[in-house]
Amino acid sequence: MTDVATIFRDHYGAEPEGLWAAPGRVNLIGEHTDYNDGFVLPFALPERVIAAAGRADAGWAVCSDLQGEPVSFDDPGEPGTVTGWAAYVAGVVWALRDAGYEPPPARIALTSDVPLGAGVSSSAALESAVLTALIDLGGLDIPAHERPALAQRGENVYVGAPTGIMDQSASIRCEAGRALFLDCRSQEVEQIPFDVAAEGLAVLVVNSNAPHRHVDGEYGARRKSCEEAARLLGVPALRDVSTDGLDQTLKQLDDEVMRRRVRHVVTEDQRVLDTVALLRSGRIREIGPLMTASHASMREDFEITVAEVDVAVEAALMAGAYGARMTGGGFGGCILALIDADRADATASAIAEAYAKHGFTAPTPFVAVPSKGATRL
Ligand code: GLA
């Protein structure tokens, strides 16, 4: 990764006041449950965005070694005023102000080793690094549990992407060696020990490298369908639908597709709770079947997988993984597989072979180590 302090110096002709980092994430289980007020269990990656930042006299300037031209703006303006990659930065400034805070004018240089477009939350990492830097530089008194919602609001309202609270929560609140059990309604968290290495295990993440196919539209459509189903069922959110008597409950919905969407969300929430219960008692290997069931539910009921991720999951299981599933919003992105630590190369090769057979672009594997959330370096 490029030395971001050097980028700052080269670009602004001054020393940064500090460096702040925020990671990407993978989600162990709990997909499309966050905007249904449900449960998620992500962990942070070692890959992160690093921001070098310093206060300025007026306005905000941002440059990055990975993005195009540097951008500066005197004011973020109304949502949508700043566009392109810098919209994520302007969105953070906008959200802070909209919540009544005064973010300090600042100059920011960014670098990142979070893979872009892989579904491991490179944008949430960017938002969280910038947010943490601005909060520290401005001496703003904002507790950690209130921060993810600010970054999310920037993305929802300013950038216009209708995502949930998981990614920013993971980037800001995760701890090393733990998975973050988040109740997306109350924002309460429990840090769940997830020291896979100590158990001789590893989480293999494989970027499917599937081309993006209508991700934004499909994501929004799923969200709408869930909200409409909650309205029809007379509950505040699908989190409030019980797994007990689920088949009976689903009969209240006329639309067969909607019934399957609801079934995914309700059963997925339960799988998160079951996973947490197993991890609390140190039974890591036993979460495998829940991961695999989650994948089946995403494939059959929520219909957010694509051939590349289905093939990768299948090949990982054939190679002996305890469980495997797609992680993230869907329509491509990464899969993760829980494997014996000494099986990482063999599993990655098995997936690569299956890909070659199907004529897919080669996948990119890496071993994910649960890491810490946003911090000042
Ligand atoms: C994306 C969104 C998250 C979440 C996941 C699916 O990553 O940003 O809020 O909804 O998809 O679980």
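Q: How many aromatic pairs does the count come to here?
A: Keep in mind that this is a predicted model. Rings of Phe, Tyr and Trp pair up if their centres lie within 6.5 Å. By this rule, the count of aromatic pairs comes to seven.

Q: Are the rings of Trp-60 and Phe-73 stacked or edge-to-face?
A: Let's take the angle between the planes as our guide: under 30 degrees counts as stacked, and over 60 as edge-to-face. For Trp-60 and Phe-73 the ring centres are 5.9 Å apart and the planes sit at 20°, so this pair is stacked.

Q: Which strands hold Trp-60 and Phe-73?
A: The two residues are 13 residues apart, and their pair links distant parts of the chain. Trp-60 is buried at 5% relative accessible area, and Phe-73 is buried too, at 6%. Trp-60 belongs to strand β4 (residues 60-64) and Phe-73 to strand β5 (residues 71-73).

Q: What kind of pair do the rings of Trp-94 and Tyr-158 make?
A: Here the ring centres are 6.2 Å apart, with the planes at 45°.

Q: Are helices α6 and α8 roughly parallel or roughly perpendicular?
A: Picture the axes of α6 (residues 215-233) and α8 (residues 256-280): they come within 10 Å and cross at roughly 95°. Angles of 65 to 115 degrees count as roughly perpendicular. That makes α6, relative to α8, roughly perpendicular.

Q: Which residues of α8 meet α6?
A: On the α6 side, the residues are Arg-222, Ser-225, Cys-226, Glu-228, Ala-229, Leu-232 and Leu-233. By class, the contact has seven nonpolar, one polar and three charged residues. On the α8 side, the residues are Met-258, Arg-261, Val-262 and Val-265.

Q: Which residue's backbone oxygen does the side chain of Arg-223 reach?
A: Arg-223 lies in helix α6 and counts as buried because its relative accessibility is 19%, with the cut-off at under 20%. Leaving out residues up to four places away in sequence, Arg-223 touches Tyr-35, Pro-162, Thr-163 and Gly-164. Its side chain reaches a backbone oxygen at 3.4 Å, and that oxygen belongs to Thr-163.

Q: With which side chain does the side chain of His-264 make a polar contact?
A: His-264 is in helix α8 and is buried, at 0% relative accessibility. Not counting residues up to four places away in sequence, His-264 touches Glu-31, Arg-271, Ser-297, Met-298, Asp-301 and Phe-302. The polar contact spans 2.7 Å, and the partner is the side chain of Ser-297.

Q: How far apart in space are His-264 and Ala-315?
A: Along the sequence, His-264 and Ala-315 are 51 residues apart. In space, going C-alpha to C-alpha, the separation of His-264 and Ala-315 is 23 Å.

Q: What separates the C-alpha atoms of Val-266 and Trp-85?
A: Val-266 is also a buried residue, at 3% relative accessible area, and its place is in helix α8. Setting aside residues up to four places away in sequence, Val-266 touches Leu-238, Val-241, Ser-242, Thr-243 and Leu-246. Val-266 and Trp-85 are 181 residues apart along the chain, and their C-alpha atoms are separated by 35 Å.

Q: Is Ser-128 buried or exposed?
A: Ser-128 is found in helix α3 (residues 122-137). Apart from neighbours within four places in sequence, its contacts are Ala-22, Gln-168, Ser-171 and Ile-172. At 0% relative accessibility, Ser-128 counts as buried.

Q: What is the phi of His-32?
A: Most residues other than glycine have a negative phi. His-32 sits in the loop between β1 (18-27) and β2 (39-40), and counts as buried at 4% relative accessibility. Although His-32 is not a glycine, its phi is positive, at about 60°.

Q: Where is Ser-121 found?
A: Ser-121 has a positive phi, near 65°, and is a residue other than glycine. At 8% relative accessibility, Ser-121 counts as buried. Its place is the loop between β6 (106-112) and α3.

Terms used
Residues numbered from 1 in each chain as written. Predicted model: local features only at pLDDT ≥ 70, side-chain atom pairs only at ≥ 80, totals over all residues. Heavy atoms only, no water. Axes fitted to C-alpha atoms, helices over the stretch in contact; angles between N-to-C directions. Helix = DSSP H or I, 4+ residues; strand = E, 2+ residues; numbered from the N terminus. Parallel < 35°, antiparallel > 145°, perpendicular 65-115°, else oblique. Contact = heavy atoms within 4.5 Å. Nonpolar A, V, L, I, M, F, W, Y, C, P; charged D, E, K, R; others polar. Buried < 20%, exposed > 50% of the residue type's maximum accessible area, 1.4 Å probe, protein only. Polar contact = N/O pair within 3.5 Å; in protein donor to acceptor, adjacent residues only side chain to side chain. Phe/Tyr/Trp six-rings, centres within 6.5 Å; stacked < 30°, edge-to-face > 60°.
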